[in-house]
Amino acid sequence: MILYFVTMFVKYHFYTGKGLTMNTQKIWSFLVTNLVPEEDTKFTYEEFNKWMIDSPTEAMVYLDGIFQSLTLKRMYMLAKNTKRPALSERYFDRHVIKFGWQKLKVELNASMKELKWAHRYIELSDLYTKRNLLKIETLEAFEKLISLGEVYLNETENSSGLYDSDVFTKEEILDDSEEHRVKPITFSEPPTQEIKETIPEDTTVEDNVNDSFTKENLLPQKDTVTEDIVSSIDINGDATTSKLLDKLRMLQSSSKESVVNADSFGEFREYMHIDRPIQYSLIETLEAIDNESTPQLILLSGSVGDGKSHLLAYIKEKHSHLVKDFRIHNDSTESFDPSKNSIETLDSVLSSFYKQDSETKHLLIAINLGVLHNFYNFAASENRYESLRNFIDDSDIFGNGEHIVYSNKSLHLLNIAGFQTYSLGTNGAESLFFSKILEKVVLTSNDNPFYDAYCEDVNNGIQSIIHDNYDFLSNLAVRESVENVVIQTMVKEKLIISTRAFYNFIFDILAPSNLSLEPDKPNAALPNLIFGHPDRSIILNALHRIDPVSFRTDFFDQLITKYVLAQQPQDIAKNALGDMAEIYRFIHHAPENTDTMNALGSFLIRSYSLLNPQETDRTYLDFLKYLKAYYLGDGESIESLFELIREVIYLWRGSPRENYLYIDGANNDYRVAYPFQAEEIVDERLFASAENKDSDFYRFSPFIRIGFEVGGKEILFDLDYKLYSLLVKIQDGYRPNRNDLRDAVQFIDFYDELIRYTDKSKSILLVSTHDGSMVELTKPKFSKSKFEVRKVKQ
């Protein structure tokens, strides 16, 4: 029914043109052409419609970049129309853009309908920081964006032509400068909550940690939040004098250094380069075909920002002899004909390869998975590239994707997305990749541009909260803790954190959102930035859910009690943090007011947790143990996991007796129970599929595909951390609520499938909900009766 509704919505609103203007395609073409950076894929109207249906959350992220850029364009247009000063672009940063639109209405006379459309768009976009979007939500957001684009274009055209100089010159509209263009928001940069909203409920700590540390006073209140955000719009003038801040800006997703060109390696990228398993696999593939006379095609696939362009630039710089006979095509950055979209350009490149009419013999294509999927559908609709399509099918890259590196004769596929950025091994989950990136940022070496800038600032007498955060991150225990909590979010939330997103995360935990250099701000200290600012990115939003302040322990109870009751609370903080307390100067002063005291209390707990990492989440550790055992093929360990699943199956709706499951709730006079006999099974393609049995491995997904065979039917489901955590709680007597059931959709479907295929032909139980009495309906062997009824002893 839902699929039918969505299909009808799409046909009605997009293919018939109703619900949007007849100029929708024209508006979309203008927005993509002028507001999407050249290094990103420019989707046609038809391609994007399909993407919204197939991947609504990813499509929304793409729309966010256009929305932010369009908002800035509209602000400058309104400023010229009203002959008023343009607003500061800081009003249109991700975390305050809703407030920015309010100022557009009040100060620059934006229309009320624009304000409503923009606010509704932001509300829909905010949802993907909490959950995956529904198709209908992304479609509605698209409609609001098109409506805003139509207003912009209509006013442009009404001003003496499309490119009237009183509004914008043609060059201004096509300008890629910082003044007129904002980089699209990536997966790590969601738009955030309305500026005047209070901190959400789930961002607070437990009420019972201490009477003085309640939801009302531990975190900043409504007025404080509003003042902090609004004041952050005016950047502290000292910020521009910091060489360290200038270098750290290179880590932001919006910086040109963060968006890599496959033809340019550069000093910064060379310094930040980390060897990865996919790099070795690509080099091995290139070496294997180095002397091949038959033309070879390599597809290097992955997600946005995961390092494809960086890897190509590295290979060109360091292993140029391996690609001397290759034509290299990057689908996200290369378009030889402005009139062609990405699919048509890729078609031309492949056609030239198969015809061998270019100077190079082999072809290497770096391609986003979404573009590859669209091209596959295009080729299928045109009945072309049959051998390539068969190869893609055999690789199963759009299915289970167990092939990370797959070759067949002259075709080769390497999927970066198949390699996790963390590994499973003897020490649980670790990320050598993240660890080395963090180390490179703080390494004490003149080769390190960040450290060099830090030293220059110190020599010039510049010491700020950003420099204090840099010192704090230089501590090995802190870096290991940061690595660990980031991995936790990836496992628990199934986050995919690209290289670009991790760079941006480092900037977010070193530099406060207002870029202030003031040293006496506890809320701008790294421990509070990493756990206390869920509005800045998806990563920080996920980290907030494992904030140490939110989890009660005896040690923290005692620490906070001492801190609150002490006449000199700063002394308690210094004693708890030891030598690291010397880094932050605000620790050495008595709190000026309650807000400062609460911020310092939060800082104390979070700092201690980062400096003294102790993993106490038993459920998380057990899940990692099972995940590792599954991919190593450790059947004995997985057997205990099956015991958990069997127990929960019997608890899910209940069981009147052994080997029987209820199929309905307890709302009627009688309940029906079916017999349950099942054999344990795993997905043989994934079970024991780790590339290394004796060391850490990277090829896995953060879930366990497991199930039962019932009535000759294999029924599997994906057990991720959230579902595993729920099953453990149910085993301990927990009764799931509606939110739990929403997260357990896979298990509900799994249970229903078990019931569907179980053998019901021989026996069914009817159980009275009043007294528990049971009757059994059985099929007679010889009688002509359809069934026999007999009472069953309890």
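Over the ring of which residue does the charged end of K625 sit? In this predicted model, the answer is Y626, with the charged end of K625 lying 4.8 Å from the centre of that ring.

Searching the whole structure gives 49 aromatic pairs. Here are two of them, side by side.

| Pair | Geometry | Centre to centre | Angle between planes |
|---|---|---|---|
| F268 and F450 | edge-to-face | 6.0 Å | 75° |
| F375 and Y385 | tilted | 5.5 Å | 45° |

F268 belongs to helix α11 (residues 266-272) and F450 to helix α18 (residues 449-459), so their contact ties together parts 182 residues apart in sequence. F268 has 12% relative accessibility and therefore counts as buried, the cut-off being under 20%. F450 has a relative accessibility of 0%, so F450 counts as buried too.

Now for the tilted pair. F375 sits in helix α15 (residues 369-382), while Y385 is in the loop between α15 and α16 (386-395), so this pair links parts that are 10 residues apart in sequence. Both F375 and Y385 are buried.

Finally, there is a group of rings to look up in the structure above. One aromatic cluster is formed by F642, Y650, W652, F676, F708, F717, F747 and F750.

Note on methods
Residues are numbered from 1 along each chain as its sequence is written. This is a predicted model: local features need pLDDT of at least 70, side-chain atom pairs count only at pLDDT 80 or more; totals for chains, interfaces and linings use all residues. Side-chain values use heavy atoms; hydrogens and water are left out. Rings of Phe, Tyr and Trp (its six-membered ring) pair if their centres lie within 6.5 Å; planes under 30 degrees apart count as stacked, over 60 as edge-to-face and the rest as tilted. Helices (H or I, at least four residues) and strands (E, at least two) are DSSP runs, numbered from the N terminus. Buried means under 20% relative accessible area, exposed over 50%, partly exposed in between (1.4 Å probe, protein chains only). A charge sits over a ring if NZ of Lys or CZ of Arg is within 6 Å of the ring centre and within 35 degrees of the ring normal.
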